[in-house]
Amino acid sequence: MLYSRRMTRAARLQLLSLYENIELVERVLSEMCHSERVGEETCYWVGMAVREALANAIKHGNKLSAEKRVLVEVRLDPGEALEIVVEDEGDGFDPEGVADPTAPANLMRSSGRGVFYMRQFMDEVHFSPAERGGTRLRLRKNLTARRSE
Amino acid sequence: MKAKVRDVGNVRILDLEGKITIGSGDVELRQQIEDSVGAGFTSILLNFKGISHIDSSGIGELVGCYTTISRRGGKMKLLNLTQKITDILHVTQLITVFDVYDSEQDALASFKA
């Protein structure tokens, strides 16, 4: 019997704490999604969540330090899940301390929506301490339960 | 992000293109609004037809610009949102804050009301 098995694809990047690198990661993610025929909608919203993860790591974690790196791992299991891990070298982060940006008192605040974005667009968002002392963020999108396709 | 500037009567229209995201687009949006207010415009229409992405920093900047203009007695309105940008305004519940139009003519008329 003939059959084909789609292989897991993975990428690992170690990046300087520069906003320009957000575009680089999004290109890597987009290329992986397109090559494995992940839907455009899913790719777009995962890309938005990854943007937020990287922005937080670069700005709030590493505080734009030239000495600190951001580690990114992307793993795509076709038909199963897209998983992204982002690690910074900052002082750690408590996600419980983030206020609800949709509460009336916070609606007009000019910041504080990054974690909210990630939780809206991904199926799992998990923060933990990184081995190197910063924050490890794991994002997962189930490819069997697409958001809006 | 790039912006083309048009003035129709006392309304400044900014035709935006690209991404309003951290590190570039968010700062450029703020600069464009500051330039417009500095030039005496308090009626500002942001044309989102060419905007593909707006991250949380861009949304924050949009809220900041709206607040700045409102405090000066002015109005900032949005035109031609794509479906994805509309979705983002819905999930952030900011769709209840901004005046949004699909027609430039209607948007311009609303400033006179």
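User: Which residue in β3(A) stands opposite A:Leu76?

Analyst: A:Leu76 stands opposite A:Leu82 in β3(A). This is a predicted model, in which local features need pLDDT of at least 70, side-chain atom pairs count only at pLDDT 80 or more, and totals for chains, interfaces and linings use all residues. Residues are numbered from 1 along each chain as its sequence is written, while chains are lettered from A and ligands numbered from 1 in the order in which they are written.

User: What makes β2(A) and β3(A) a pair of strands?

Analyst: Seven bridges join β2(A) to β3 (residues 81–87) of chain A. Pairing requires at least two bridges found by DSSP, so these strands pair. They run antiparallel and form a hairpin with three residues between them, where A:Gly79 in the turn has a positive phi of about 80°.

User: How many bridges join β1(A) to β2(A)?

Analyst: Eight bridges join β1 (residues 9–16) of chain A to β2(A), and these strands run antiparallel. A:Arg9 stands opposite A:Leu76 in β2(A). The covered face of β2 (residues 69–77) consists of A:Val70, A:Val72, A:Val74 and A:Leu76; A:Arg69, A:Leu71, A:Glu73, A:Arg75 and A:Asp77 form the uncovered one.

User: Why are α2(A) and α3(A) called roughly antiparallel?

Analyst: Helix α2 (residues 40–61) and helix α3 (residues 114–121) of chain A pack at an angle of about 150°, with axes 9 Å apart. Roughly antiparallel applies to angles over 145 degrees, and therefore to this pair. Their crossing is left-handed. Among the contact residues are A:Trp45, A:Met48 and A:Glu52 of α2(A), and A:Tyr117 and A:Phe121 of α3(A). Contact here means C-beta atoms, placed from the backbone, within 7 Å. The residues of this contact comprise nine nonpolar, two polar and one charged.

User: What is the handedness of the crossing in which α1(A) passes α2(A)?

Analyst: α1(A) passes α2(A) in a right-handed crossing. Their axes come within 10 Å and cross at roughly 150°, so this pair is also roughly antiparallel. On the side of α1(A), A:Ile22, A:Val25, A:Glu26, A:Leu29, A:Ser30 and A:Cys33 take part, and they meet residues of α2(A) including A:Cys43, A:Val46 and A:Leu54. The contact divides into nine nonpolar, two polar and two charged residues.

User: Is A:Arg37 buried or exposed?

Analyst: A:Arg37 has 9 other C-beta atoms within 10 Å. A count of 12 or fewer is exposed, 20 or more buried and anything between partly exposed, with C-beta atoms placed from the backbone; A:Arg37 is therefore exposed. This residue belongs to the loop between α1 (20–35) and α2 of chain A and has a positive phi of about 60° although it is not a glycine. Most residues other than glycine have a negative phi.

User: How do you know whether B:Asn80 is buried or exposed?

Analyst: B:Asn80 has 20 other C-beta atoms within 10 Å, so it is buried. The phi of B:Asn80, which is not a glycine, is positive at about 55°. Its place is the loop between β4 (75–79) and α3 of chain B.

User: How many residues does the contact take from chain B and from chain A?

Analyst: Chain B gives 18 residues and chain A gives 16 residues. On the side of chain B that touches chain A, α2 (56–71) and α3 (83–91) of chain B are the elements giving two or more residues. The largest share, eight residues, comes from α2(B). By class, this side of chain B has five nonpolar, 10 polar and three charged residues.

Conventions. Contact = placed C-beta atoms within 7 Å. Helix = DSSP H or I, 4+ residues; strand = E, 2+ residues; numbered from the N terminus. Nonpolar A, V, L, I, M, F, W, Y, C, P; charged D, E, K, R; others polar. Axes fitted to C-alpha atoms, helices over the stretch in contact; angles between N-to-C directions. Parallel < 35°, antiparallel > 145°, perpendicular 65-115°, else oblique. Left-handed = near helix turned anticlockwise from the far one by under 90°.
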